[in-house]
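Hello,

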Amino acid sequence: MSIPNEALQKLLQDIETSANFSQQQLQVVRTQIATKQRDIRLNQLTIKEIESLPKGTRVYEGVGKMFILEPTDRVKSRLDKELENLNGDVKDLTKKLQYLETTFQKTQENINAILQRGS
């Protein structure tokens with residue numbers, strides 16, 4: 001039971017295309033995770049700075065091209081919510097990264113198996 005050469009080449013080409021796509025997606029997800037983690041650090045630093053201010057202090061928050069005077073409690077609660085969302089996003093992206101790494105690894109194994117069978 002031998003697979004014809006043309007079918008083998010087509011199968012190998014499809015698997016290589018899948019591997020290239022997975023590799024691109026891996027890079028995109030890694031970049032997204034790095035961006036989210038940078039935003040998390042920025043929010044944590046901002047929260048730390050806000051907490052060091054005396055109670056009742058009002059701070060300016062940028063909204064588009066203008067600034068709005070807000071109580072620190074309101075700004076801190078918004079940053080806390082953002083932090084929760086960012087942590088959830090990182091968790092989801094980490095799951096996606098693990099899936100893509102597994103897919104890429106399986107694709108590489110399939111390519112190697114086909115090449116070994118062909119030789």
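Salt bridges

D80 and K76 form a salt bridge, with 3.1 Å between the closest N and O atoms. A salt bridge here is a side-chain nitrogen of Lys or Arg within 4 Å of a carboxyl oxygen of Asp or Glu. This is a predicted model, in which local features need pLDDT of at least 70 and side-chain atom pairs count only at pLDDT 80 or more, while totals for chains, interfaces and linings use all residues. Residues are numbered from 1 along each chain as its sequence is written, and side-chain values use heavy atoms, with hydrogens and water left out.

Both D80 and K76 sit in helix α2, four residues apart, about one turn of the helix. Helices are DSSP runs of H or I with at least four residues, numbered from the N terminus. D80 is partly exposed at 27% relative accessibility, and K76 is partly exposed at 24%. Partly exposed is the range between buried (under 20% relative accessible area) and exposed (over 50%), computed with a 1.4 Å probe on protein chains only.

K76 also meets E51 in a salt bridge, at 3.5 Å from N to O. E51 belongs to helix α1 (residues 5-51) and K76 to helix α2 (residues 72-118), so this pair ties together parts that are 25 residues apart in sequence.

Another salt bridge joins the side chains of R74 and E70, at 2.9 Å from N to O. R74 is exposed, with a relative accessible area of 52%, whereas E70 is buried, at 12%.

By the rule above, the count is nine salt bridges.

Regards

Methods: Helices (H or I, at least four residues) and strands (E, at least two) are DSSP runs, numbered from the N terminus.
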